[in-house]
Amino acid sequence: MLEVINLRCEYKDNPIGIDVTKPRISWIIQSEDRNVMQAAYQVQVAVDKDFDNPVWDTGKVESDQSIHIEYNGQPLISRTRYYYRVRIWDQKGRVSGWSETAFWEMGLLDEKEWIANWITPEDTDNSAELRPCPMMRKVFEADGEIRSARIYATSLGLYELRLNGKKAGDFLFAPGWTSYNKRLQYQTYDVTELLNEGQNAIGVILGDGWYRGNLAWSDQRNIYGDKLAALVQLHIVYEDGREQVIITDKSWKTSTGPILMSEIYHGENYDARLEKTGWDEADYDDSDWGNVVELDKPKDIIVAQEGPPVRAVQYIKPVSLFTTPAGEKVLDMGQNMVGWVRFSVEGPEGSRVVLQHAEVLDRDGNFYTENLRKAKQTIQYTLKGCGKEIFEPHFTFQGFRYVKLVEYPGEPSIDDFTGVVIHSDMEHTGSFECSNPLINRLQDNILWSQRGNFLDVPTDCPQRDERLGWTGDAQVFIRTACFNMNVASFFAKWLKDLKADQLDNGGVPHVIPHVLGDDAHSSAAWADAALICPWTIYLCYGDKRILEEQYDSMKAWVEYIRRQGENEYLWNTGFHFGDWLGLDAKEGSYVGSTAKDYIATAFYAYSTSLLVKTAEVLGKIDDVEEYTKLYNNIIHAFRKEFVTSNGRLAVPTQTAHVLALMFDLVEEKHRKRVIDTLVEYIRENDYPLTTGFVGTPYLCHVLSQNGYSDVAYKLLMQTDYPSWLYQVVTDATTISEHWDGIKPDGSFWSPDMNSFNHYAYGSIGDWLYRVVTGIDTDQEKPGYKHIYIKPVFGEDLTYAKAELQSLYGKIKSGWKIGEDGQVQMSIAIPHNTTATVVLPGARPDLVKESGIKLDQAEDIVKYEAVDNGVMLEIGSGEYVFEYKVANL
């Protein structure tokens, strides 16, 4: 059996409304055999399902490439659906059948195709702080049998699209958050089933969102503009071939309704007595509605939806309803989550439900909101008094575990409430489990923090008056993120905004999209996201295009640094966050004690090294030569400035030693001294962590790479403050911003900055996948085309296992150790890939694979004894290795 399955176009399953003119196709090979490699492929693309007249037929192409095959056929046409199918040949000459047919559908490829007009309500008071959400509508007639219908829509602000009494699509927070003045996404909706032959009504509700709502902590509003607007275009194709286009224009009508306020930080105020029942249906009387006006706003910045849309992805029920010592009625969702509460309620007209949201209780067990700063996170619902009423908000989200029922008519029951979990709808690709339940909870916490903070942009936190796309947080976590979920298109979209917001001199803002002011840019380790993030996406997904798209941005950032220092090889000027939240900070400071110029120059070297690698991948020979020379000069200057002739570092901190080793900044002859010193620092006072945002992501990797995996495991297993598991044993269900957000005595860190859902320290997840279970990719064959399985057994663990759904298929690595030292390793390698596997502590003559000795196993390409065990080269398939090892 040889099959082609899971066809994807631009990472998506049958996408509609894309504007990529050379979309890329990927597939997975399925077979019951081992060692299956693709030798050739054929792709056909057509506008008909029968493929009678393909617009692209590759013929038989001799290649093992099965991901990111770039379309190279006839020019693609707007609003056209293209069907495609694939077949392959393997290395034995077998040919598969054609795959099931998949499709993609183009959106609007030319700004001139936007014939709709921007519309906004007439005579709106845009200066008011309490701003109702406007509704706009239009009635139209569909005068025939409908074959298909698509809506292309976007807005200034957020929007919800309605058609004949129903919501169109399941997107939330459309059009998403981009650098609105430079890039604005539109969404495509298949509304064929929502239209009626005859009279129809289309409507849209607008919310302030990131466009003009309260944003950041200084009461900023109207950052991108002070008028909400909609741009909507409905294309109807009839069975007789006619087309009809309904657009936003002056013929639309507008009014306000029950949403009196809806703000991302502050919540929503909804008065059900003001509902205009049936307003989105054709027979509604809108004679008292006001007029709209057309706005002259640009359309050349409009792009199709790029990343995964935000959706409701999970629903959870409260685990309890209790009364606090202060007499507050509080729901416990059992999980710090991001989204909102949907509730049902009955009561008299004018009675209210008021809900406040918080992440934690204080040491006395009372509701705690001080760490929210100015964010209100409050839902207010006024009942209309007509039986059971069900409500959930529209343009706001909360970060919370606990919900205080400030007002609620009658006696509440936990059955009346449901937590709606929302985030960018990314495919869940990774899982990790081991014999220690605390580490499993840690992995769950990491995943929940990723869910909560990957809401269209990678944010720092989801609850206080911030929720911004901090570059430093994103770059330290991205490799872990790539294991847990498919984040390729999510980061591709965000990086385009980074490029758009990059300063003319190459500087990179602290947050993307950039909303913090002209001076808030270009800190070392934060702005280096411009290189670290695209390079990581390339490694994890084999995505060369992201390097092509970001290369100018990457190069501009390195050149920016080059101009900053007192000489071009040291970076010792400008503002830097340093080792943010390092525990070796001075009293009253958030900044760890590692010298900022040390960190800055270290990241200067690292980013330059990534630029060299990127130039090599893209074949930019002159740049390879230029930036290799620059890199060597930076390394020389770093060593002269910060390393003695005997290998002592001038900066005596954990983070300084971690960076020197991780970024290869010291000579090989000095590595032992540097790692030994780092281990000495760690062992002092019984393994305390002092690293902050900069050092923590690399700490355990550095230890493992330099012979101290036992120390890395020891750090991981600590449950006392400060440690990863300290948060777990203090009942955390997400990753906290501080090592001691909740202190051992139950008190809190300063409310000025104390998020309990902050993924940066969750970067340890990368080490769990890449070291504990050993799954990694070969940088020379990225995207897991060649896989490394090199697990490291560790303290007190009797088993560990992980899975990763790569673009080629599922990778598995698991090991378990019996009391007698008997080891079983279970491995799965996707077809069309190969792997290098290391069996720790094994001897070749004692290893069996599926009960067969290695020297008799036909499917093992080769094997050899190495210092730490047995190394094998294998092809695709599932394998079970068994052997006995002593002295683990």
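## Buried aromatic residues

A residue counts as buried when its relative accessible area is under 20%, and in this predicted model Tyr-82, at 2% relative accessibility, therefore counts as buried. Trp-104 is buried as well, with a relative accessible area of 0%.

## Aromatic pairs

A search of the whole structure finds 59 aromatic pairs. One of them joins Tyr-82 and Trp-104, whose rings are stacked, at 5.7 Å centre to centre and with 25° between the planes. Because Tyr-82 belongs to strand E8 (residues 81-90) and Trp-104 to strand E9 (residues 102-106), this pair ties together parts that are 22 residues apart in sequence.

Another pair is formed by Tyr-598 and Phe-642, with ring centres 5.0 Å apart and planes at 70°, so that this pair is edge-to-face. Since Tyr-598 lies in helix H7 and Phe-642 in helix H8, the pair ties together parts that are 44 residues apart in sequence, and both Tyr-598 and Phe-642 are buried. Elsewhere, ring pairs link Tyr-270, Phe-343, Tyr-381, Phe-391, Tyr-408 and Phe-417 into a cluster.

## Helices H6 and H8

Helix H6 (residues 544-562) and helix H8 (residues 621-642) have axes that come within 13 Å and cross at roughly 30°, and H6 passes H8 in a left-handed crossing. On the H6 side the contact involves Tyr-551, Lys-555, Val-558, Glu-559 and Arg-562, which meet Asp-623, Glu-626, Tyr-627 and Leu-630 in H8. The residues of this contact divide into 4 nonpolar, no polar and 5 charged.

## The enclosed helix H9

In helix H9 (residues 654-662), 8 of the 9 residues are buried, so the helix is largely enclosed by the rest of the structure. The buried residues, including His-657, Val-658 and Leu-659, pack against helix H7 (596-618), helix H10 (671-683) and helix H11 (696-705). Just after H9, Asp-664 takes a positive phi of about 55°.

## An open sheet and its neighbour helix

An open sheet is formed by 7 strands in the order E34-E39-E40-E41-E47-E43-E44, and the pairing is antiparallel. Strand E34 (430-434) and strand E44 (852-853) stand at the edges, and because each has a single partner strand, one side of each is left without a neighbour in the sheet.

Within this sheet, strand E43 (residues 848-849) and strand E47 (residues 877-884) run antiparallel and are joined by 2 bridges, with Lys-848 standing opposite Glu-882 in E47. Helix H14 (residues 764-772) lies across E34, strand E39 (799-806) and strand E40 (809-817), and runs at about 75° to E34.

Conventions. Residues are numbered from 1 along each chain as its sequence is written. This is a predicted model: local features need pLDDT of at least 70, side-chain atom pairs count only at pLDDT 80 or more; totals for chains, interfaces and linings use all residues. Side-chain values use heavy atoms; hydrogens and water are left out. Axes are lines fitted to C-alpha atoms, for helices over the stretch in contact, and angles run from 0 to 180 degrees between N-to-C directions. Helices (H or I, at least four residues) and strands (E, at least two) are DSSP runs, numbered from the N terminus. A crossing is left-handed if the near helix is turned anticlockwise from the far one by less than a right angle, and right-handed if clockwise. Contact means heavy atoms within 4.5 Å. Ala, Val, Leu, Ile, Met, Phe, Trp, Tyr, Cys and Pro count as nonpolar, Asp, Glu, Lys and Arg as charged, and the others, Gly among them, as polar. Buried means under 20% relative accessible area, exposed over 50%, partly exposed in between (1.4 Å probe, protein chains only). Two strands pair if DSSP finds at least two bridges between them. Rings of Phe, Tyr and Trp (its six-membered ring) pair if their centres lie within 6.5 Å; planes under 30 degrees apart count as stacked, over 60 as edge-to-face and the rest as tilted.
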